[in-house]
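Please look through the sequence and the model before reading on.

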Amino acid sequence: MTINYKIKQIEILLTKVKYENSFLTKEEKDELLERWISSTDSNRKRIHDFMDPDLSGFVIGVQYSAICDDRSCDFCQSHNGESLKIDDPLIKENTPPIHLGCRCIWSPITKIEFERGKINFTWSTIKKPNLDLITF
Ligand SMILES: [Zn+2]
């Protein structure tokens, strides 16, 4: 699962991957590693906070939020706006970063949002990209 990759594994991956047929420069590797670390830390913390027992019955789900532009991948664009119930095991395996350069986050869904009919719990079956997919 993405959330369980170790920093060392990502550092090794960064020495092997190519972007537009070239190995990465030190600056590119540093940027992707920094983005990986900050995305992993912040998404892990967000999910942990949303699952806090004190919020039980208030945060009832999470919504995938991607920045949809020419730098986002098909997987992230397809899941943008889709939601999972807070106890869905798919949350863990789909917690960003999904790939190198992924900028996605989980956002909380409250009971009130759901009751106002703004949320449907849906999740597409689009295949997850390889971890070594790079978006800058
Ligand atoms: Zn993404």
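Which side chain meets that of Lys45 in a salt bridge? The partner of Lys45 is Asp49, at 2.9 Å from N to O, where a salt bridge is a side-chain nitrogen of Lys or Arg within 4 Å of a carboxyl oxygen of Asp or Glu. The model is predicted, so that local features need pLDDT of at least 70 and side-chain atom pairs count only at pLDDT 80 or more, while totals for chains, interfaces and linings use all residues. Residues are numbered from 1 along each chain as its sequence is written, and side-chain values use heavy atoms, with hydrogens and water left out.

By this rule there are six salt bridges, among them the following.

| Pair | Closest N to O |
|---|---|
| Arg103 and Asp69 | 2.7 Å |
| Lys111 and Glu115 | 3.3 Å |

Lys45 and Asp49 both lie in helix H2 (residues 26-50), four residues apart, helices being DSSP runs of H or I with at least four residues and strands runs of E with at least two, numbered from the N terminus.

The zinc ion has Cys76 (SG), Cys102 (SG) and Cys104 (SG) as its protein donors, at 2.1 to 2.3 Å; donors are N, O and S atoms within 2.8 Å of the metal (3.2 Å for Na, K and Ca), and sites may look incomplete because water is not among the atoms. Cys76 is buried, at 3% relative accessible area, where buried means under 20%, exposed over 50% and partly exposed in between (1.4 Å probe, protein chains only). Cys104 is likewise buried, at 3%.
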